[in-house]
Amino acid sequence: MEFEAVIGLEIHVELNCPTKMFCDCPNRYGDEPNANTCPTCLWFPGAAPRLSEVALEKAALLCLGLGAELQPTSVFDQKVYYYPDLPKGFQLSQAHLPLSRGGGIEIADETGKPKRLRIHHIHMEEDVAKLVHEMEGRVPISLVDFNRAGAPLVEIVTEPDFRSPHHAMEFLKALRTQVRYVGSSECSMENGTMRVDANISVRPRGTSQMNTKVEVKNMNSVRHVGDAIAYEFARQRAAVEAGEAVVLHTRLWDPDKKATLPMRAKFEGPCVPDPSVPVIALSREWIEAMRSRLPEMPAARAERFVAQHGLSADEATFLSADPDVARYFEALVGEGIAPRMALHWLGTQLLPAVKERGQELAATKVPAPRLAVLLKLLARDEINANVARKVLGAMFDSDDAPEAIVEAGGYRQVSDAKELDLLIDKVMVEKKLTAADLQGGQGKAMGFLIGQVMQASGGKANPKKIRELLAKKLGTA
Amino acid sequence: MDSVFVHRGSETAILGSGRLQGLRVALQPNLSVAGWPTDAGSRALADFKALEDATIVGRLRQAGACLCGSTRMSEFGFGLENSQAGEALRTKTADLELVLDLMGESRLAAARAGVCGLKPSYGLLSRLGLVGLVPSMECCGLLAADVARIRDTLQAIAGKDDLDFSLPDEEPSDLAPRAIEPRRTTLGLVGEAQGTLSAERDKAFRAAVGKLAAAGFAIKRLSMPDFPLFSLVHRIVGSVEASSCAGRYDSVRYGRRVPGARNWNEMYLTARGAAFGSHLKSYLLSGAFFQFERYQAFENACRIRARLLSEMRRLTAQVDALVSPAVGPVDLGAPPSLAETYAGFASTLFANVTGQPALVLPAADVAIQLVGARRGDGLLLALGERLLGIVKGGS
Ligand SMILES: [Zn+2]
């Protein structure tokens with residue numbers, strides 16, 4: 001019998017709000033333990049939670065960006081369990097009436113066909129504290145850092161529409177792109193701003209039965225999610241084929257062993273309505289105001305790039321995946337750079353250079369208008385591509401105008417026929433090349449010669465011009 | 001330390017210059033006053049001192065009131081066991097008392113002390129700085145010898161608080177005094193709300209109603225067969241909220257730990273075991289039982305609560321106020337069981353379930369309770385002022 005996997009994802013996304021969800025403490029990592037706490041997020045007696053408007057807006061934008069329907073009424077519940085990472089014996093979450101329902105993402109499946117993966121609902125939730133277990137001499141101690149307690153989260157719960165690791169990975173990549181677009185989160189699994197749990201079960205292919213599912217946690221990258229799902233599917237299929245029953249439990253992905261291992265179940269308590277956080281009532285006007293704040297989403301932008309700039313679908317998708325990249329591209333084009341040249345320089349030169357220097361594209365030393373000046377010199381043949389790459393490198397270390405760097409380096413392209421003719425002759429003599437050599441050998445010697453002339457010119461020669469002059473010399477022009 | 005106060009304020013200088021100039025206010029150690037012990041009557045908060053003033057405490061100060069101390073209270077204000085509420089008034093060491101009203105504690109303490117007691121409408125008073133137990137039902141009650149003093153204080157402390165988002169976004173209530181014309185005023189008697197009174201009290205209550213009718217008030221008899229469900233709903237919903245509210249007393253961030261625990265789970269159990277008294281423990285356990293084992297019953301209780309609310313709203317809309325006897329818990333000489341506590345507050349707790357304002361007036365033999373429409377506190381106080389003179393005369 002052939003089996004298929006039935007997979008659903010539960011994705012926690014940490015919102016990039018300046019403050020926590022129910023108080024004004026900074027929502028920030030890396031500070032001294034318990035530096036960012038107050039009577040509210042430590043739940044001192046008499047404290048009252050105050051839902052952050054920014055958190056609500058960021059969560060709402062995220063929902064709208066994923067095509068979800070914001071609910072006019074949503075409510076916070078208490079997820080009751082007792083654990084030291086919870087300062088009050090319950091976690092504020094939305095169990096019964098979530099912020100949004102529906103939505104989904106269209107991905108390309110393994111064969112390139114579009115497949116829509118649906119979202120069941122998205123709800124808001126507060127993060128819990130971080131526990132650190134240490135030894136004090138021979139006594140084990142647990143330390144609690146409440147800096148993260150009360151940080152704003154949303155949880156995206158999908159329908160069990162996924163059938164393969166590919167589906168899950170593509171969904172997560174697209175999700176990350178879209179959430180970054182609306183500016184609600186960086187969605188980095190590596191940095192923990194996106195955490196993914198997968199629910200996996202198996203069934204005979206083509207049936208619609210829903211079998212016992214196993215939850216898999218602890219994947220730290222999109223790749224790991226794919227690996228963990230593939231492993232777990234194979235494990236369950238083998239179990240079923242061996243006539244064993246799959247039991248409901250939770251497993252942890254071990255990236256070193258490349259296997260999922262069973263974990264002790266965390267006690268799941270009930271969810272009761274919270275009487276302290278008011279009901280969230282969203283008016284139609286408010287929802288429309290949020291919708292109007294949505295940027296153009298990646299799919300729409302890619303489509304526009306194809307239509308407007310004559311790019312291929314792949315090129316347009318590459319450019320629109322990251323909102324900063326898309327903005328940079330449009331700025332270059334807006335400065336009068338040809339779309340294809342903008343795409344080429346952005347993709348092969350600027351992005352690697354920015355990454356290498358550990359800069360953010362949005363705050364790089366070489367913003368689009370500055371790069372555009374350089375590319376215009378190139379387009380006008382005042383410098384060649386080699387030089388342009390060199391000057392770009394120099395622009396990261398200097399505030400000088402690209403022209404000034406070109407002049408200072410004596411980089412201006414040599415297009416003067418007389419000067420180039422002399423160089424060609426010199427190289428031909430040095431390398432003992434004849435006109436006959438150049439005409440034969442399928443242009444091999446020709447390429448060699450051009451390279452040598454370029455070198456002799458210190459990289460400043462205009463290769464187009466050399467070609468022209470050579471053609472004239474050989475009488476092939 | 002005396003038998004009434006657990007902490008005495010040292011303020012002699014009178015701050016501010018408001019309408020409450022010089023008014024001596026006693027409160028309970030569950031209302032935050034910066035620097036004061038704030039243990040809410042529980043070992044769970046032993047040695048805990050409030051960091052900041054509660055919003056309503058700040059407003060009292062602003063209005064010139066003098067905070068004269070906090071009085072002995074039951075654990076987290078649940079019931080009147082060991083509570084000295086009302087005693088500061090009776091002994092004339094305070095002019096006004098703030099007493100948490102979870103199920104009628106402030107009103108029945110007023111009846112006990114022979115003074116007036118108001119539980120304001122739910123949402124009228126900020127809860128910031130109140131160490132509560134049942135957030136959706138409790139409210140600070142105001143006790144004083146006369147209604148005018150309650151009104152003055154309420155006007156000074158009621159209303160919006162930017163730091164308490166749980167207050168409903170409503171227009172401020174009109175609390176100003178107003179004239180009451182008995183002939184244009186209807187008082188409702190809900191038969192089921194009168195409970196089972198002793199013959200003596202029954203006679204006293206009938207006599208009081210007779211006086212009101214004689215004074216010209218129209219008396220309308222009403223019925224609410226579901227009235228007994230109020231107790232059940234309060235017991236289920238209230239205990240569930242209490243269980244959640246007490247979850248924070250885990251000795252991780254404050255409170256006392258019991259030495260010797262081998263892991264955090266044991267630490268929780270021993271700390272909580274040592275922190276709570278047996279009466280509160282049975283309440284919290286009852287709440288945990290409904291949360292974890294009978295969630296359906298809790299959901300049903302929430303649904304029934306909504307229905308009771310609308311039935312009560314319908315009854316209240318037919319009259320200007322409901323009148324009923326307020327009969328306090330019988331002193332059994334031993335710690336009461338949960339059932340006995342609930343039986344003791346059967347005449348008052350419905351206003352906590354619905355959030356309506358309720359005013360208890362002292363009268364000979366039996367205290368009279370007036371219950372108005374939510375946010376009708378102004379009318380209720382005016383009525384109370386008028387009625388007090390009529391019913392107080394004795395039989
Ligand atoms: Zn905080």
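Trainee: Why does the arrangement of the four donor atoms around the zinc ion count as tetrahedral?

Mentor: Four donors count as tetrahedral if all angles lie between 85 and 135 degrees. Here the donor atoms subtend angles of 102 to 113° around the zinc ion, so their arrangement is tetrahedral. This is a predicted model, where local features need pLDDT of at least 70 and side-chain atom pairs need 80 or more, while totals for chains, interfaces and linings use all residues. Residues are numbered from 1 along each chain as written, chains are lettered from A and ligands numbered from 1 in written order, and side-chain values use heavy atoms, without hydrogens or water.

Trainee: Which protein donors does the zinc ion have?

Mentor: Donors are N, O and S atoms within 2.8 Å of the metal (3.2 Å for Na, K and Ca). The zinc ion has the SG atoms of A:Cys23, A:Cys25, A:Cys38 and A:Cys41, at 2.3 to 2.4 Å. Their spacing along the sequence is C-x1-C-x12-C-x2-C. A:Cys25 and A:Cys41 are 16 residues apart, and both lie in the loop between β1 (3-14) and α1 (53-65) of chain A. Such elements are DSSP runs, helices (H or I) of at least four residues and strands (E) of at least two.

Trainee: Are A:Cys25 and A:Cys41 buried or exposed?

Mentor: Both are buried, that is, under 20% relative accessible area with a 1.4 Å probe and protein chains only.

Trainee: Where does A:Asn27 lie, and which backbone oxygens does its side chain reach?

Mentor: A:Asn27 is in the loop between β1 and α1 of chain A. It counts as buried because its relative accessibility is 16%. A polar contact is an N or O pair within 3.5 Å, with one atom able to donate a hydrogen and the other to accept it. The side chain of A:Asn27 lies 3.3 Å from the backbone oxygen of A:Leu15 and has a polar atom 3.0 Å from the backbone oxygen of A:Cys17. Beyond four places in sequence, A:Asn27 also touches other residues, including A:Lys20, A:Ala151 and A:Pro152.

Trainee: How many residues does each chain give to the contact between chain A and chain B?

Mentor: Contact means heavy atoms within 4.5 Å. Chain A gives 32 residues and chain B gives 32. Together they bury about 2600 Å², 69% of it on carbon and sulfur atoms. Eight residue pairs are in polar contact across the two chains. On the side of chain A that touches chain B, β4 (77-80) and β16 (271-273) each give two or more residues. The largest share, three residues, comes from β16(A).

How values were computed:
Tetrahedral: all angles 85-135°; square planar, octahedral: opposite > 155°, others 65-115°. Buried < 20%, exposed > 50% of the residue type's maximum accessible area, 1.4 Å probe, protein only. Buried area = accessible area lost by both parts, 1.4 Å probe.
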